[in-house]
Amino acid sequence: MCGIVGYTGDELAKDILINGLKRLEYRGYDSAGVALEDATGGVTHIDVIRRVGKVAGLESELAGVDATATCGIGHTRWATHGRPSMANAHPHTSCDGRIAIVHNGIIENFAELREELAQRGHTFTSDTDTEVFAHLIEEAYYGRPAGVAAGTTAGAPAALGCHDLMAAVREACTHVVGAYGLAAVCADEPGVIAVARKDSPIVIGRGARGSYVASDVIALIDATRDVVVLEDGQFARLAPEGITYTDAEGTPIEPAVTHIDWDIDMAEKGGYPDFMLKEICEQPRVVRDTLVGRMTGGELTIDELGLSLEELNLIDRVYVIACGTSYHAGLIAKNLIEMWARIPCEVEAASEFRYRNPIITPSTLVVAVSQSGETADTLAAIRDARIKGAKVFGITNVVGSPVARESDGVIYTKANKEIAVASTKSFIGQVVSLTLLALLLAQVKYRLTVGQVRMLFRELGDTAEQIQWILDTQKDAIHEAALACKDAHSALFVGRGMGAAIANEGALKLKEISYLHAEAYAAGEMKHGPIALIDPGFPVIAIATKSPVYDKTVSNLKECEARGAKIVVVATEGDEDIAQIADHVIYIPPVRDAFSAITATVPLQLLAREVALMRGCDVDQPRNLAKSVTVE
């Protein structure tokens, strides 16, 4: 992984590939490369140019290349198998370099395939699993490794090969266990790009000047708004004159076309210094957009749920499965579902869910939360839950994503494109969506009256204005608090009740983008170990809003104060007493405790960003992280 782009048509491919790769930079990567068809001298060959580091370095290299190619593929890689290096960067090639591929995903049986291919005469030049694909396609196309005579190597095929790139790609895929989004070119078929997909997103579009493929629609939005999202087991052949689609047997198919109605301006900074701040400031809109149309006839409505009210009423257990930031949204949902609907709710790391044989019955609801809708661990957990008979509901930000397609129903968070790797507005959208789900379950279970649901819905809508108040008034307080944290080696986030869930997200944001170690604890657990960390100047960031556990939280903070901690508190506007023990106070408007996660998270996002900038970090593309984690 992480980003794929390809083009064939009548324009210069290198410019289109570079622009596409730049659009995919938000996903996080460590190297980049392109493969361009070169017909100099009347004989086509493939030029591969790769660089470790940013796309800008690759662009500079290509600026000095007189490339007239009108067909090529490109990739940004986030290292899985093999360290970041020139040799491990994509594209990878066959033995003679006449076939080049780019690939997202994981080949689980690559070690066995690599050994078998090497025994048959193939030469490997990287540590990646991806390179196996190049040699499998080569063998299917030519019948043997380049330069090896038929029958001279043990196990080498004697056939001449199919000499059909699309057929060779389909054949190669039959040998692979794992996930792949794949694009391949061959010097013997100029202008053709063969594409395959299994468990790794691929979108394809046809523009006025050619055919396009990418792992994300953002890379081809300038060329077309009508795209095909390949399903698992589907293949595509791109040529300058058009695109054809087949299934795994090569039978022609007509896939559905999706129209993209968001504007590319949503993927630009719009005057902000970085995408992260832009996306934090978009959160009031996200709240409003996610709530539009959800209250009809005085009752809460989620038509996309895909379950009848009778089926919902039978639900007696809820699992929220998610990873990272989405997992923290699940912790908030657990509080709300159990408080309002009185249904037992567990929050599970998706990476662990399917390995522990959870208790699932037909009356179990599994809620899968994923910003990208393509998180590999979450998808695997969904499939396991469905096999065991659970109803599955997805919450995602990406229309037509795998999570959306494989769930019985879905709520889209209406965050639009999120570019910064560290999730902010998608998290708020997830929390609002999960809050709606909790209210709906309480409504169908008759745990809340219609009047109560209406009142809570109105208050939920008010959080948009409250977020805006925080953005408008708390900048200076957040800056001062960041100064107190920027030189620390570690920080502790604490809270009680809903504040404990919020603390987890605050700690994750700080460590993600500032590389400052941070932990989150329920404040009541301080004296059971973490208090040993506290010495003079140690930052403790607390969520101490007005809530049923406010006094308990204050008592825990006094324990920190007594040991010289530097205390930063997110508190409710008008709380003057908290300033007696806190070194820095960031205020949020008064809000019902059930909705405090939506507002209290915002200053923690801004605090993390401010600390990161003070430490000289890239807040949009933190090291080692990818926007979309499509491998386990």
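Me: Histidine 163 sits in the loop between helix H4 (131-142) and helix H5 (165-173). Why does histidine 163 count as partly exposed?

Reply: Happy to walk through that one. Buried means under 20% relative accessible area, exposed over 50%, and partly exposed in between (1.4 Å probe, protein chains only). Histidine 163 has a relative accessibility of 45%, so it counts as partly exposed. Its phi, near 50°, is positive in a residue other than glycine. Keep in mind that this is a predicted model, where local features need pLDDT of at least 70, side-chain atom pairs count only at pLDDT 80 or more, and totals for chains, interfaces and linings use all residues. Residues are numbered from 1 along each chain as its sequence is written, and side-chain values use heavy atoms, leaving out hydrogens and water.

Me: What makes the phi of tyrosine 515 worth a remark?

Reply: Most residues other than glycine have a negative phi. Tyrosine 515 is not a glycine, yet its phi is positive, about 65°. The residue lies in the loop between helix H16 (498-514) and strand S24 (517-522). With a relative accessible area of 25%, tyrosine 515 is partly exposed.

Me: Why is threonine 572 called buried?

Reply: Its relative accessible area is 8%, so threonine 572 belongs with the buried residues. Threonine 572 is in strand S26 (residues 566-572); helices (H or I, at least four residues) and strands (E, at least two) are DSSP runs, numbered from the N terminus. Leaving aside residues up to four places away in sequence, threonine 572 touches Ala544, Thr545, Lys546, Tyr587, Ile588, Pro589 and Pro590, where contact means heavy atoms within 4.5 Å.

Me: How do you know that the length of helix H13 (residues 425-444) agrees with its residue count?

Reply: The expected span of a helix is 1.5 Å times one less than its number of residues. The 20 residues of H13 should therefore span 28 Å, and its end C-alpha atoms are 29 Å apart, which agrees. As for cover, 20 of its 20 residues are buried.

Me: Why are helix H7 (residues 283-291) and H13 described as roughly parallel?

Reply: Axes are lines fitted to C-alpha atoms, for helices over the stretch in contact, and angles run from 0 to 180 degrees between N-to-C directions. Angles under 35 degrees count as roughly parallel, over 145 as roughly antiparallel, 65 to 115 as roughly perpendicular and the rest as oblique. These two axes cross at roughly 30° and come within 9 Å, so H7 and H13 are roughly parallel to each other. Across the contact, Gln283, Arg285, Val286, Val287, Thr290 and Leu291 in H7 meet Lys425, Ile428, Gly429, Val432, Ser433 and Leu436 in H13.

Me: What makes helix H1 (residues 13-23) and helix H2 (residues 55-63) roughly antiparallel?

Reply: H1 and H2 pack at about 170°, with their axes 10 Å apart. They are therefore roughly antiparallel to each other. Lys14, Ile18, Leu21 and Lys22 of H1 make the contact with Val55, Leu58, Glu59 and Leu62 of H2.

Me: How do you know that helix H11 (residues 376-387) is mostly covered?

Reply: Nine of its 12 residues are buried, among them Ala376, Leu379 and Ile382. Their cover includes strand S18 (317-322), helix H10 (350-353) and strand S20 (364-370).
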